[in-house]
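Please look at the sequence and structure first.

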Amino acid sequence: MSPPLTKLYINGQWVPSSTGETFEVRNPYSGEVVGLSSSASSADCKAAVEASAEALKTWQHTPLTVRRDIFLKAAQILQGEKYKAKIEQAIQEETAAAEYWATFNWAAPINTLKTQAGSLALLNGEFYPSGSVPGAQVIARRRPMGVVFGIAPWNAPVALALRAIMVPILSGNTTVLKGSEFSPRSQSIVVELFEEAGLPAGVINFISISPKDTPALTAEIIAHPAVKCINFTGSDRVGKIIAMEAAKFLKPCVLELGGKAPVICFITAQVLNDADVEEAARVIVSGSMSNSGQICMASTRVIVQSGAADTLISHIKQRVAALRAGDVQNDKGVSLGPLFTEASAKNAISTVKDALDNGAELILGDLAVSKAVVQPHLVGNVKPGTRLWDRETFAPVLSFAVVDTVDEAVDMANASEYSLSSAIWSNDVWAAQNIATRINSGYCNVNGPTVHSEPIDSLVGLGGPSGYGRFHVESFTHKCVTVVHPLGRKLPLVG
């Protein structure tokens with residue numbers, strides 16, 4: 001039985017590549033070919049952009065209620081068993097993800113679609129009197145930018161493919177979505193969903209590109225005059241390349257890149273054992289180990305005051321020791337899947353060994369690599385300046401640093417170029433909120449996981465390797481102002 005073929009979607013039609021070229025998609029655990037994907041040519045990419053530009057002429061004027069109803073229809077369709085089964089199968093085959101993670105990629109978008117459908121008020125205009133011309137009235141409207149080029153990653157393929165196109169489309173833009181070469185079938189399901197919900201042809205165009213052709217064709221798409229904005233979710237290395245290509249044409253970007261999320265657990269002089277240590281351990285383990293740590297918001301650095309350190313680390317170690325990585329599809333005793341490539345697994349263990357060579361302590365782990373599989377690792381006494389502290393690991397590896405004061409904890413949390421998300425654990429919620437204002441991160445969760453952002457006010461980096469911008473209507477619209485002047489007022493030169 002031949003593996004399924006994922007086609008391109010251009011101007012409302014599922015089509016093969018104009019050259020007939022395809023590439024293989026392999027399961028990262030077994031190495032088996034689980035799919036083929038059409039590989040877009042330069043002509044295909046141009047056709048996708050031009051179809052999007054043509055559709056923009058009508059879509060940008062579509063009433064907001066029509067856009068809302070399509071989103072609500074998509075949410076209703078997505079709730080059915082057909083899409084649940086399709087998404088879970090595709091994600092597990094393409095990324096070797098655990099069942100709970102595949103299910104998350106089905107369930108989370110349902111709520112996101114409904115939430116965004118209810119956010120149309122953000123697109124309402126403003127009406128106010130002029131502050132400089134007496135009697136004049138000002139009308140400020142949000143208008144779509146044009147064609148938005150979205151690039152989505154493999155690690156949460158459905159949820160992040162949806163995010164790449166959802167707010168742009170709701171805002172009246174049209175889109176070209178480039179899927180990851182690791183998960184094209186999973187991401188094409190988002191397009192199927194909107195097609196079934198009644199989205200007009202050309203509003204979404206979907207392409208996949210073979211790894212060898214991706215750099216050149218991505219640059220071509222960014223350079224196309226009809227493309228007005230780019231959003232990318234992925235590594236900071238590739239994010240810099242995207243930003244440089246866009247900068248050649250002064251095109252704005254929304255970049256959601258890497259993370260090195262800190263978790264601060266602190267006690268106070270007044271209330272010992274301030275944080276709920278057992279609950280903190282439970283949430284930290286989930287936030288650090290889910291999807292084998294392959295989440296940009298994953299909890300990677302635990303910074304704990306000395307009074308709670310031994311207890312917290314003990315609780316975390318007990319929970320993590322019960323987790324095992326491997327063949328998550330066929331072995332019921334396995335809860336963590338492989339990393340997405342063997343190279344990623346080798347890099348993760350190399351990063352841990354570097355920390356150990358620089359004075360860190362191995363609390364748990366075997367320092368072994370089996371193809372793309374890495375078992376969970378806990379590492380203590382990790383310091384800034386080591387790769388394990390400074391760079392995104394994207395693996396089931398959790399670091400610990402012990403401090404004495406809250407000020408030290410804040411300094412340690414901010415000793416990173418990343419700024420995506422963070423968490424603070426304390427029973428003193430008001431103190432935790434004050435500390436949150438001192439943490440250099442776009443998101444801070446008090447007594448919750450670092451792996452959380454609100455659908456209506458999405459994740460944001462504060463620059464550097466975490467990226468910048470927000471998946472919000474303000475990022476994908478222009479604020480255009482019309483001033484209605486009173487007649488007969490005095491003017492220079494003419495009176």
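Does S399 count as buried or exposed? S399 counts as buried because its relative accessibility is 1%; buried means under 20% relative accessible area and exposed over 50%, with partly exposed in between (1.4 Å probe, protein chains only). The model is predicted: local features need pLDDT of at least 70, side-chain atom pairs count only at pLDDT 80 or more, and totals for chains, interfaces and linings use all residues. Residues are numbered from 1 along each chain as its sequence is written, and side-chain values use heavy atoms, with hydrogens and water left out.

**S399 and V382**

S399 is part of strand 17 (residues 397–403). Helices (H or I, at least four residues) and strands (E, at least two) are DSSP runs, numbered from the N terminus. Not counting residues up to four places away in sequence, S399 touches T300, R301, V302, V379, V382 and L388, where contact means heavy atoms within 4.5 Å.

One of these residues, V382, lies in the loop between strand 16 and helix 12 (387–390). V382 has a relative accessible area of 2% and is therefore buried. Along the chain V382 and S399 are 17 residues apart, while 6.2 Å separates their C-alpha atoms. Apart from its neighbours within four places in sequence, V382 has contacts with A360, L388, W389, S399, F400, A401 and M412.

An open sheet has 7 strands in the order 15-16-17-14-13-18-19, and its pairing is mixed. Two strands pair if DSSP finds at least two bridges between them. At the edges are strand 15 (361–364) and strand 19 (443–446), each of which pairs on one side only. From one strand to the next the twist averages 25°; axes are lines fitted to C-alpha atoms, for helices over the stretch in contact, and angles run from 0 to 180 degrees between N-to-C directions.

Strand 16 (residues 377–380) runs parallel to strand 17, and H377 stands opposite V397 of strand 17. Two helices pack on this sheet. Helix 11 (residues 342–357) touches strand 15, strand 16 and strand 17, and its direction makes about 25° with that of strand 16. Helix 13 (residues 406–413) touches strand 13 (261–265), strand 14 (299–305) and strand 17, with a direction at about 165° to that of strand 14.

Strand 16 is covered on both faces: H377 and V379 on one side, and L378 and G380 on the other, are all buried. With strand 15 the pairing of strand 16 is antiparallel, and L364 is opposite L378.

Another open sheet has 3 strands in the order 6-7-21, with antiparallel pairing. Strand 6 (126–129) and strand 21 (477–484) are at its edges with a single partner strand each, so one side of each has no neighbour in the sheet. Neighbouring strands of this sheet are turned by 25° against each other on average, direction ignored. Strand 7 (residues 137–144) pairs with strand 21, and Q137 has V484 as its bridge partner there.

| Strand pair | Sense | Bridges |
|---|---|---|
| Strand 15 and strand 16 | antiparallel | 3 bridges |
| Strand 16 and strand 17 | parallel | 3 bridges |
| Strand 7 and strand 21 | antiparallel | 8 bridges |

**Helix 4**

Helix 4 (residues 99–117) has 19 residues and reaches 28 Å from its first C-alpha to its last, close to the 27 Å expected at 1.5 Å a residue; the expected span is 1.5 Å times one less than the number of residues. Its buried residues include W101, W106, P109, I110 and L113. Among the elements covering the buried residues of helix 4 are helix 2 (64–78), helix 3 (81–95), helix 5 (157–170) and helix 6 (184–197).

**The two domains**

The domain assignment gives domain 1 (5–257 + 461–481) and domain 2 (261–446); such bounds come from an automatic or database domain assignment. Their C-alpha centres lie 31 Å apart. In the interface, 21 residues of domain 1 are in contact with 30 residues of domain 2. The area buried between domain 1 and domain 2 is about 2000 Å², with carbon and sulfur atoms giving 58%. Buried area is the accessible area (1.4 Å probe) that two parts lose on being put together, summed over both. In domain 1, Y29, W154 and L462 lose the most area to domain 2, together 28% of what that side buries.
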